[in-house]
Amino acid sequence: MPNARVLRDIKARHGVNANEILRRAYLYVARNQTLPAQVRFQAQLQLNTFGRYTRPTTVKNRCIETGRGRGVISEFGLTRFQFRQKALANELPGVHKASW
């Protein structure tokens with residue numbers, strides 16, 4: 001069973017992907033100085049109606065095993081420690097301990 005933080009991050013990623021185009025359109029209208037103030041204000045109000053998990057800043061890389069948010073190796077989705085454990089156990093394809 002995934003960690004609650006991981007589930008929250010997955011929910012945020014789906015929300016961002018589902019609303020990205022509409023959010024960008026409203027953001028463009030809200031920031032466009034050549035448009036009338038009333039139109040820009042309406043676009044800002046529409047932006048405020050979006051939920052919390054539609055903002056791109058809520059998405060964070062987390063370890064898929066532990067849910068930890070720091071020290072994540074993004075190619076594998078694992079923290080440094082989990083990456084080392086899985087590499088030593090030969091659970092990661094193409095990764096092995098270096099020795100010279």
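In which sense, left-handed or right-handed, does α1 pass α2? The crossing of α1 with α2 is left-handed. The model described here is a predicted one.

## Helices α1 and α2

Two packed helices are described by the angle between their axes and the distance between the axes. For α1 and helix α2, which covers residues 37-48, the angle is about 145 degrees, and the axes are 8 Å apart.

On the α1 side, the residues that meet α2 are Arg23, Tyr26, Leu27, Val29 and Ala30. Their partners in α2 are Val39, Arg40, Ala43, Gln44, Gln46 and Leu47. Sorted by class, this contact between α1 and α2 holds seven nonpolar residues, two polar residues and two charged residues.

## Asp9

Asp9 belongs to helix α1, which spans residues 4-31. Asp9 counts as buried because its relative accessible area is 8%, and the cut-off for buried is under 20%.

A polar atom of the Asp9 side chain lies 2.9 Å from the backbone nitrogen of Lys60. When residues up to four places away in sequence are not counted, Asp9 touches Thr58, Val59, Lys60 and Arg62.

## The largest nonpolar core

Six residues make up the largest nonpolar core: Cys63, Leu78, Phe83, Ala87, Leu92 and Val95.

Which residues does Leu92 contact, leaving aside its neighbours within four places in sequence? Leu92 is in contact with Phe76, Leu78, Phe83, Lys86 and Ala87. Of these, Leu78, Phe83 and Ala87 are also listed in the core with Leu92.

How values were computed
Residues are numbered from 1 along each chain as its sequence is written. This is a predicted model: local features need pLDDT of at least 70, side-chain atom pairs count only at pLDDT 80 or more; totals for chains, interfaces and linings use all residues. Side-chain values use heavy atoms; hydrogens and water are left out. Helices (H or I, at least four residues) and strands (E, at least two) are DSSP runs, numbered from the N terminus. Buried means under 20% relative accessible area, exposed over 50%, partly exposed in between (1.4 Å probe, protein chains only). A polar contact is a pair of N or O atoms within 3.5 Å; within protein, one must be able to donate a hydrogen and the other to accept it, and residues adjacent in sequence count only if both atoms are side-chain atoms. Contact means heavy atoms within 4.5 Å. Axes are lines fitted to C-alpha atoms, for helices over the stretch in contact, and angles run from 0 to 180 degrees between N-to-C directions. A crossing is left-handed if the near helix is turned anticlockwise from the far one by less than a right angle, and right-handed if clockwise. Ala, Val, Leu, Ile, Met, Phe, Trp, Tyr, Cys and Pro count as nonpolar, Asp, Glu, Lys and Arg as charged, and the others, Gly among them, as polar. A nonpolar core is a set of buried Ala, Val, Leu, Ile, Met, Phe, Trp, Tyr and Cys residues joined through side-chain atoms within 4.5 Å.
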